[in-house]
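Hello,

Here is the structure I promised to send over.

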Amino acid sequence: MKLESVLLATDFSSASEYAERLAMDMAQAGHARLHVVHVVPPVTAPGDAAERLTQLVRRIGPGVAVETAVLSGRPPREIIRYAREKDASLIVLGTHGRTGVSHALLGSVAEAVVRLAGRPVLTVPLMPEASAAPADVAAEPPLSHHCVVCVRETDDLICEPCRSRIRGEALRRGMPG
Amino acid sequence: MPRVRRILYASDFSRASSAAFGRAVEMAKTNRAELLLLHVLEPVAVIPAGGGGISGGYISPKVYEQLESATRAAAQKQLGALVAKARKAGVKASRVLLEGMSANQIARAAKSRRADVIVIGTHGRTGLARFFLGSVASRVVALARCPVLTVRGK
């Protein structure tokens with residue numbers, strides 16, 4: 001993939017750290033222009049956002065053309081608008097990796113960007129290299145669902161033990177099936 | 001991207017997926033990485049409409065099995081074609097066929113097979129369809145523990 005320019009959107013949180021590193025490496029390796037943006041919520045003072053962007057950019061090695069911008073508005077929309085304006089060939093952003101209820105309620109900026117951007121998006125979760133160490137693999141939260149009855153990990157809506165319990169209960173009460 | 005050794009490309013064989021396939025192959029080539037080509041078979045959903053093998057709104061287990069093995073064979077064939085295409089481009093490629101819910105299986109496969117990045121296409125649905133259906137890609141983004149490159153289908 002020929003990278004003309006990479007757009008890195010950061011919220012300065014730890015979730016963005018690895019995304020920051022990846023975007024910088026990619027821009028450097030691909031001799032691409034790097035855009036680094038931060039979006040502040042509407043009607044909010046930008047605070048020290050510009051200063052923090054400058055600090056971030058200082059960590060980038062030589063040979064990369066960098067442009068920074070503090071945007072104001074809803075993050076997904078502003079990121080996409082900026083990407084179009086600069087015709088970024090790739091958008092890079094971190095994900096918080098929320099799951100379950102908080103995920104369903106809050107959604108995520110990354111997902112909205114993925115769906116609406118119309119151009120390649122690289123989403124980067126928190127510290128993926130942690131999974132490189134076998135010890136950490138076991139510690140990671142599993143991807144499966146939880147049984148709706150007993151909240152045990154399972155691939156199904158209801159786990160096998162619960163299902164047989166329910167079946168047994170139905171049998172005891174003389175219910176058909 | 002640094003240290004990309006294994007790329008997991010997930011496909012539903014749609015047009016949206018084929019744009020992502022090009023990216024995955026290119027990425028594998030430039031990084032000299034191994035490419036895993038994944039398809040997930042979702043449970044076969046049948047809407048009985050009467051007729052052959054169907055009685056009383058149900059289909060017989062035999063018909064179901066036939067349907068399932070036909071889908072499986074078709075998927076294997078399509079994966080095989082993708083593998084051939086990738087190999088032609090000089091990329092080390094292999095196919096993976098899994099069953100279950102797509103997003104879960106993709107995220108899981110990336111983890112168990114230690115993929116450094118997942119490449120997946122998005123359909124770019126808009127309006128109500130987007131709101132209600134969501135997309136496999138966005139669920140993969142939420143579930144994956146590795147970077148995910150999403151490419152909008154043409």
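**What I found**

In this predicted model, B:L97 sits in strand β5 (residues 93–99) of chain B. B:L97 counts as buried because its relative accessibility is 18%, with the cut-off for buried being under 20%. Beyond its neighbours within four places in sequence, B:L97 is in contact with B:H39, B:L41, B:R72, B:A75, B:Q76 and B:L79.

Now to the charged pairs. There are eight salt bridges over all chains. In one of them, the side chains of A:E20 and A:R59 meet at 3.7 Å, N to O. That pair links distant parts of the chain, 39 residues apart: A:E20 belongs to helix α1 (residues 17–29) of chain A, and A:R59 to the loop between α2 (49–58) and β3 (66–72) of chain A. A:E20 is buried, at 5% relative accessible area, whereas A:R59 is exposed, at 57%.

A salt bridge joins A:E67 to A:R33, with the closest N and O atoms 2.9 Å apart; A:E67 is in strand β3 and A:R33 in strand β2 (residues 33–40), both of chain A. A:E67 forms a salt bridge with A:K86 too, at 3.0 Å between the closest N and O atoms. A:K86 lies in helix α3 (residues 75–86) of chain A, so this pair ties together parts that are 19 residues apart in sequence. Through shared partners, A:R33, A:E67 and A:K86 form one network.

Lastly, helix α7 (residues 160–172) of chain A has 13 residues and spans 18 Å from first C-alpha to last, close to the 18 Å expected. After α7(A) comes A:G174, with a positive phi near 70 degrees.

Best wishes

Technical notes: Residues numbered from 1 in each chain as written. Chains lettered and ligands numbered in written order. Predicted model: local features only at pLDDT ≥ 70, side-chain atom pairs only at ≥ 80, totals over all residues. Heavy atoms only, no water. Helix = DSSP H or I, 4+ residues; strand = E, 2+ residues; numbered from the N terminus. Expected span 1.5 Å × (residues − 1). Buried < 20%, exposed > 50% of the residue type's maximum accessible area, 1.4 Å probe, protein only. Contact = heavy atoms within 4.5 Å. Salt bridge = Lys/Arg side-chain N within 4 Å of Asp/Glu carboxyl O.
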